[in-house]
Amino acid sequence: MKSLIWFKNNLRVSDNHGLTNACSHDSTIAIFCFNPIDFEKGDFGFRKTSAFRVQFLIESLLHLKEALRKLNITLLIFHDKPEITIPQVIEQYEIDTVYLQTEWTRDENDTLAKTKKNSNPTVQFIETCDQFLYHPEDVPFENFNEIPDVFTFFRKKVEKYGKVRLVLEKPDKKPASNLLKQKTKLPSLKELGFQDFRVDSRSAFPFKGGEDKAIERIETYFWKSKSLASYKQTRNGLIGLDYSSKLSAWLANGCISPRTIYKTVKEFEHKIIKNQDTYWLIFELIWRDFFKYISLKHKDKIFHLGGILERKYDWGTSSRILQQWISGNTNEPFINANMKELAATGWMSNRGRQNVASYWAKELEQDWRIGAAYFESMLIDYDVHSNWCNWMYLSGVGNDPRDRKFNIRRQADIYDKNGKYQKLWQ
Ligand SMILES: Cc1cc2nc3c(=O)[nH]c(=O)nc-3n(C[C@H](O)[C@H](O)[C@H](O)COP(=O)(O)OP(=O)(O)OC[C@H]3O[C@@H](n4cnc5c(N)ncnc54)[C@H](O)[C@@H]3O)c2cc1C
């Protein structure tokens, strides 16, 4: 009985059901593919991934490879299409079961379908759902069509009737004979077609990828600085490392599970303090789940111009306006500062993201999907569901029941009262 664990957005050894199940087989191999389509240009002309995100991914894989080696599991890394590589590995090592984390968006579905088609039909593909706080089997809805389109209804129901599963320990070590002789090399940024870069000294996200770094971040943010105890009061900040948890990029790559964060918040509440601020981090993780469920319910509509509401607006597609927005040359200094931060670092605060998205879609009235595609390209923490659903929300084609438009000057007055942030990124 030989298993293959196909790593994608679940780059960790703890609380990873796919890995643990794979380890129940006599022998286990791990694989990760840098899929060339992830580095191509997308529908709106932006490269799908920026150097910032690729660097974080490389760091995450470097750590995963070592963590797996300590469990006597070889991580094979290829720079090729999974539908080519995985069937070959299955054949070469006589694999009978492949474990992977389930994905349901367009490109991921295509890749999986092709991989299965090219593989020996007797091979089983078993999917797990480790990216959720509330596992799909534990939410109080009969099927995804029942998912409410309003966040508050969703949250109240899952909080009342749902449950968060316990965190799984990392699996036991396999015997040394499980390690393969075959070795593969982790490609560098340059080999993947990107220029090396230096982290901007002003960056609010100077962190590195990897499960170990995610745990370090929790150690600092929760236990050392106890910033969690004032999270709700600081989360609209714009400058520095600690205005919010900064866990999103590790979550997006699966270097940490939302269940582990939930468990640690509960420990913090037990040992240090339980207040509105500690609850609010869980509240935000429920937003993250909500958008995953919205994408499960509405499927490809999250990428459509009319969004899940199928609304028709007169959207512009001016390349001049796009260049002004991207380079931070609009009439709004607060928007400009945020866009410059994104271009220089791959990071932008939640407050900034809300403002620049609302400005793009509702003030400049440009096709919201272009803005979303630019974010997809740039964000270190890009997550397909969080990005596209937040964009829909702010563009009036998604889940905002009040269809709000941000008053940018007022937002700048409230959140950047003395202009410090705008000065930092002028
Ligand atoms: C236009 C737009 C695009 C966005 N694109 C992404 C994206 O691609 N990837 C991404 O992870 N987040 C995205 N967000 C959500 C949010 O801005 C980031 O999750 C957050 O800023 C990350 O910082 P943090 O980890 O310090 O968050 P914290 O404030 O510490 O929140 C903790 C966690 O809760 C989750 N979370 C918080 N806010 C949201 C939200 N609005 N929607 C979904 N999950 C949330 C994240 O996983 C986050 O790490 C987007 C928001 C907007 C308005």
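Predicted model: local features only at pLDDT ≥ 70, side-chain atom pairs only at ≥ 80, totals over all residues.
Local features need pLDDT of at least 70, side-chain atom pairs count only at pLDDT 80 or more, and totals for chains, interfaces and linings use all residues. Residues are numbered from 1 along each chain as its sequence is written, and side-chain values use heavy atoms, without hydrogens and water.

The protein chain is divided into domain 1 (1-130), domain 2 (132-164 + 210-298) and domain 3 (304-424). These bounds come from an automatic or database domain assignment. The centres of domain 1 and domain 3, taken over C-alpha atoms, are 32 Å apart. Eleven residues from domain 1 and 20 residues from domain 3 form the contact (heavy atoms within 4.5 Å). The two domains bury about 1200 Å² between them (accessible area, 1.4 Å probe, lost on being put together and summed over both). Carbon and sulfur atoms carry 69% of that area. In domain 1, Phe 44, Phe 46 and Phe 52 lose the most area to domain 3. Together they make up 52% of what that side buries.

The ligand is surrounded by 27 residues (a heavy atom within 4 Å of the ligand). The closest are Tyr 231, Ser 244, Ser 245, Lys 246 and Asn 350. Domain 2 and domain 3 each give at least three residues to this shell. Helices H8 (248-253), H10 (276-298), H13 (350-363) and H15 (384-395) each supply at least two (DSSP runs of H or I, at least four residues, numbered from the N terminus).

Polar contacts are pairs of N or O atoms within 3.5 Å. A side-chain N or O atom of Ser 245 lies 2.6 Å from a ligand oxygen atom. A polar backbone atom of Ser 248 is 3.0 Å from an oxygen atom of the ligand.

How values were computed
Polar contact = N/O pair within 3.5 Å; in protein donor to acceptor, adjacent residues only side chain to side chain.
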